[in-house]
Amino acid sequence: MIELLAVKKAFNQGRSNEYWALNGIDLRIEAGRVTALRGPSGSGKTTLLTLIGCLARPTSGRVRLKGEDISGLPERFLTEIRRQTFGFIFQQFNLIKGLSALENVILPALPTGRPRRELVARAEALLAQLQLSHRAAARVEWLSGGEQQRVAIARALINDPEVIVADEPTANLDTVLSGEFMVILESLSAAGKTVLLSSHDPLVVESPVVHRVIAMRDGRLVDL
Amino acid sequence: MKLRSSLLVLSLLGLGLALLGLLWLDASHPTDAARQQRSARQKLAERLGLTDLSLFMEARYTRHPSQADLHAALQDHPAAFEHFPSGALLPPPAVLTESHAYLAGKTTSPD
Amino acid sequence: MRIWLEKQLHLIDFTLASLARRKSKNIGLLAVYALLVFALASVGLFANALRSEASFVLASSPEVILQRLVAGRHDLIPPGYLEKIGRIRGVQKQEGRLWGYYYDAVVKANYTFMARPAEEIAPGSIAIGATLARLRGLAPGNVISFRAYGGKLFTFRIASLLSPDAELLSADLVLLAEADFRAFFDYPAGHYTDIALSVANPQEVRNIAGKLSQALPDSRPILREEVLRTYQSMFDWREGIMLTILAGAIFAFIILAWEKAAGLSAEERKEIGILKAIGWETGDVIRMKLWEGLLVSLAAFLIGFIAAYIHVFYCGASLLEPVLKGWSVLYPRFTLIPAVDGMQVASLAFFTIFPYCAAVLVPIWRAAITDPDSVMRA
């Protein structure tokens, strides 16, 4: 589904603090499977996720989504693809403070112009699925860490994307909550979603839910 | 169901705009009382041959600006500030500003 | 179209929810903003209504007033002038007028004394303006004495008050009989203050003024159109003073609004990053902020302008009174007849709405072009 060919990514290119986060990545990610990127911090996992998730463009090399080269597309089209194809779960959850859980969940769908009634119904269904209905009207900063993550998951699913991208999803959770997250992950996978996550948490990468683990170091893939 | 906040605010703004339109109508259709008032003013102006509004009475050139000669600003109300910066520095003669109000109502002859 | 509309409603919902997070701060800003519009609009509406009232009312003042000047000062019309004018063609009627000023040291106010024919005001009695009557606590039938400039005390009986409807024109007027006027001011017989002329054909007015200047070279004709022009420009001066005072407030507000709208906090910057990461386009972010600016400034404009209209036309512009009154002791009570100048409203709307929207948009533009992946890297 997703193909990367000789992908390189540099930050601060041409300046004294130039830094190559990715140094030539060739990778295929299959649809409908759970793939984990594993590696120490600074190994380029997050950068790789931003390239795949159309949040950034590679400095060189190609990224193909369903056979179509997306690495050279202008920002408007990338945004469109990002909104339709990807749902993001960030390490810090990145919810918007001061808004209710429900308002946060429907945020990614606002630019689509779908009727509010429809969006609210879908958000309520997602929150119910994640056992969070009772907290729908609460402001997100009043929620616990686990609840916040479930709001983030619901938000990632509001546009019904094919791919879920999760960056260090268990970094801010304790063991029990991490276990709950893996259960949710399993159900997403069972529902046919392609899941791509980065983690160095053994609980995640050694879990049977994960179909494939890709190890990284210094911006390159390494064999396990 | 609660009204959506955007619709609520937009309808309030719409109401405000409608009110603005009403004010416009109000301004372009004077009431009978206003018309009567204006005609009373016009009649008085005509009967007495008035040339000015009695708005500012501190000096000749403010009481009758249309009748003031070119040098009128030099001859002010005794206690008034004037157009020129010197007016802020030089007070009028004390004899002119001295109050006689303490006599008001205390004399046997009408004041 | 439906999708576009729904999307705008979504953006408004979001921007309102964002504003509601700092409720007191934003309501305070709106209040200050509306207050500023209120002050500006009050001054503008008041001055405009007064100007239009002056042009209505003074349209029936004499076509030409003839003044005599001596050494640059207004002087008395000597005997014989009226007869000389009588020979100028086109002059329908000429009338010597007698009027002058009196300083009442008791209340430190200036009055305008004006002589009327004996059939209108009986000798020994006077008719006075409503403001003056209020200030001195006078009613018809009362007696009042004025000390003449010559030192003699004159006592008058108040015959009537002038119509309060016309207070705007007659606040300080004292009408008295011609004989009383001449005695009170020690006015030389046969002399007049000035001459009012009626001209039948309005097109002739300029010609006649020319002939008057030729026939009486020491005199100055004042045309009605000049009177009206005086009132078109005259109020600008006081309006200017008011605006100068307000300028301080305007600048304080600009700083406040700029700080609020332009100073994009780190948190707001992060929020924009999040919105972009989850699928908002740069354009969506800008449209959302544009709605914020538009809603806040339009609301402030409407609240301020409507309140100003009510204040000026239905509450007698009571807050402006102290400034416009200046230093005069007498101030007439009057209601203004609503008059709105479309151009004035449009420019006020433009200058309240446009700068605020710009202040909101400028920094957002900078933030909105940052890369969406910044949220992951932070």
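This is a predicted model: local features need pLDDT of at least 70, side-chain atom pairs count only at pLDDT 80 or more; totals for chains, interfaces and linings use all residues.
In chain A, four strands form an open sheet in the order 2-1-4-5, and their pairing is antiparallel. Two strands lie at the edges: strand 2, at residues 19–29, and strand 5, at residues 68–69 of chain A. Each of these edge strands pairs on one side only.

Remain in chain A and select residues 45–52, which make up helix 1. Are the residues of this helix mostly covered or mostly uncovered? Helix 1 of chain A is mostly covered, with eight of its eight residues buried. Among them are Lys45(A), Thr46(A) and Thr47(A) at one end of the list, together with Leu51(A) and Ile52(A). After helix 1 of chain A comes Cys54(A), a residue with a positive phi, near 60°.

Centre the view on Phe46(C). Which residues does Phe46(C) touch, leaving aside those up to four places away in sequence? They are Val312(C), Ala317(C), Leu320(C) and Leu336(C).

Now show chain B beside chain C. The contact draws 62 residues from chain C and 55 residues from chain B. On the side of chain C that touches chain B, helix 10 (residues 282–314) gives the most, with seven residues. Colour this side of chain C by residue class: 42 of its residues are nonpolar, 13 are polar and seven are charged.

Finally, hide the other chains and inspect chain B alone. How many helices and strands does chain B have? Chain B has five helices and zero strands, and its pattern along the sequence reads α-α-α-α-α. Of the 111 residues in chain B, 27% are buried. Among contacts in chain B with a separation of 6 or more, 0% come from residues 24 or more positions apart.

Notes:
Residues are numbered from 1 along each chain as its sequence is written. Chains are lettered from A and ligands numbered from 1 in the order in which they are written. A residue is buried if 20 or more other C-beta atoms lie within 10 Å of its own, exposed if 12 or fewer, and partly exposed in between; C-beta atoms are placed from the backbone. Two strands pair if DSSP finds at least two bridges between them. Two residues are in contact if their C-beta atoms, placed from the backbone, lie within 7 Å. Ala, Val, Leu, Ile, Met, Phe, Trp, Tyr, Cys and Pro count as nonpolar, Asp, Glu, Lys and Arg as charged, and the others, Gly among them, as polar.
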